[in-house]
Amino acid sequence: MPRTTDGDGTPVPQRLLAAATRLFAEQGYDRTSVQEIVEAAGVTKGALYHYFGSKDDLLHEVYARVLRVQQERLDAFADADEPIEKRLRGAAADVVVTTIENLDDASIFFRSMHHLSPEKNKQVRAERRRYHERFRALIEEGQEAGVFSRATPADLVVDYHFGSVHHLSTWYRPDGPLSPQQVADHLADLLLRALRP
């Protein structure tokens, strides 16, 4: 059975994901071999296949781990006992910050999503749809309460915000003039201004 940790206690699956993320970001998914990943992680191919069935599974997990965190955080904002404006603004800003904090993962995924098997692609789309539906429900809640304008359909508002989020990897730079929180605040404020009655 493969070792579950290395000398410093890092679990093998985390080492594999870290190596895959770095290599996919540097070389691209299609130009990275399984051998390069296991060498960079310091494990055998057997260890990789013990934790991940394929390179495709690694690509899926690169994205899924970020989406899991974002879904948990969105659920917490949505379920909070706060006014709808505060919950939506918090959720809108949070997805920007968590995307920037995981910019390599997001970039890799959007560049390489077409490499996923049809089954994995379908699974990712379902996971993203669940996230977007929960976000849309916040907008609809505010629209139904008369807090947000109904002039723009909630689906279009969601597409508008997430279009900005999904393109962060094309322009955001950590050494640029805006911090992740500043970008998040600007985009969340734009969203709320678009929803004013």
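Residues are numbered from 1 along each chain as its sequence is written. In this predicted model, local features need pLDDT of at least 70, side-chain atom pairs count only at pLDDT 80 or more, and totals for chains, interfaces and linings use all residues, while side-chain values use heavy atoms, with hydrogens and water left out.

Two packed helices are described by the angle between their axes and the distance between the axes. Helices are DSSP runs (H or I, at least four residues), numbered from the N terminus. Axes are lines fitted to C-alpha atoms over the stretch in contact, and angles run from 0 to 180 degrees between N-to-C directions.

Helix α5 (residues 84-101) and helix α10 (residues 180-195) have axes that come within 8 Å and cross at roughly 140°. That makes α5 oblique to α10 (under 35 degrees is roughly parallel, over 145 roughly antiparallel, 65 to 115 roughly perpendicular, and the rest oblique). The crossing of α5 and α10 is right-handed (the near helix is turned clockwise from the far one by less than a right angle; anticlockwise is left-handed). Contact (heavy atoms within 4.5 Å) involves residues including L88, A92 and V96 of α5 and V183, A184 and L187 of α10. By class, this contact has 14 nonpolar, one polar and four charged residues (Ala, Val, Leu, Ile, Met, Phe, Trp, Tyr, Cys and Pro are nonpolar; Asp, Glu, Lys and Arg charged; the others, Gly among them, polar).

For helix α1 (residues 12-27) and helix α6 (residues 103-112), the axes come within 9 Å and cross at roughly 60°. α1 is therefore oblique to α6. The crossing of α1 with α6 is left-handed. T21, F24 and A25 of α1 meet D104, D105, I108 and R111 of α6; the residues of this contact divide into three nonpolar, one polar and three charged.

Notes:
Helix = DSSP H or I, 4+ residues; strand = E, 2+ residues; numbered from the N terminus.
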